[in-house]
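Please look at the sequence and the structure before reading on.

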Amino acid sequence: MTKTFEFMYGDSWYKYEDGHIKKQFHATGYYDYFCPVFIDLSDKIDSFSDDQLRTIMEAILHGYFYGVGEGKKEKIREFKRVFALD
């Protein structure tokens, strides 16, 4: 059985469970799907210490947020190019 654990990133609580990271919604305290964790990493979760797991999960979230931000910037550049906007 794989570990399930909670951790904080920024001002929000997250939970690793069943190969996914879930985010807690403050109004209800309910955790909902947020992003996946690579299956190769999920298979090794039990071998890491709690401190290592927190760092790994924070790095995954950091990469996820960075990727989303860069994707939005790229879409804006593409719209500007397509519609010849400056």
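## Salt bridges and aromatic pairs

Arg 54 and Asp 51 are joined through their side chains by a salt bridge, at 2.2 Å from N to O. The term stands for a side-chain nitrogen of Lys or Arg within 4 Å of a carboxyl oxygen of Asp or Glu. The model is a predicted one, in which local features need pLDDT of at least 70 and side-chain atom pairs count only at pLDDT 80 or more, while totals for chains, interfaces and linings use all residues. Residues are numbered from 1 along each chain as its sequence is written, and side-chain values use heavy atoms, with hydrogens and water left out.

Both Arg 54 and Asp 51 belong to helix 2 (residues 50–82), where they sit 3 residues apart, about one turn of the helix. Helices (H or I, at least four residues) and strands (E, at least two) are DSSP runs numbered from the N terminus. Arg 54 has a relative accessible area of 35% and is partly exposed, whereas Asp 51, with 52%, is exposed. Here buried means under 20% relative accessible area, exposed means over 50%, and partly exposed lies in between (1.4 Å probe, protein chains only).

The structure holds 6 salt bridges.

| Salt bridge | N to O distance |
|---|---|
| Arg 54 and Asp 51 | 2.2 Å |
| Glu 78 and Arg 81 | 2.6 Å |
| Glu 17 and Lys 22 | 2.9 Å |

Glu 78 and Arg 81 are separated by about one helical turn, because they are 3 residues apart in helix 2. Glu 78 is partly exposed, at 34% relative accessible area, and Arg 81 is exposed, at 57%.

What of the aromatic rings: how many aromatic pairs does the structure hold? There are 9 aromatic pairs. In Phe 7 and Tyr 14 the ring centres are 5.9 Å apart and the planes meet at 25 degrees, so this pair is stacked. Rings of Phe, Tyr and Trp (its six-membered ring) pair if their centres lie within 6.5 Å; planes under 30 degrees apart count as stacked, over 60 as edge-to-face and the rest as tilted.

Tyr 14 also pairs with Phe 34, edge-to-face, with 5.6 Å from centre to centre and 65 degrees between the planes. Tyr 14 lies in strand 2 (residues 12–17) and Phe 34 in strand 4 (residues 30–36), so the pair ties together parts that are 20 residues apart in sequence. Tyr 14 is buried, at 2% relative accessible area, and Phe 34 also counts as buried, at 18%. One aromatic cluster has among its members Phe 7, Tyr 14 and Phe 34.
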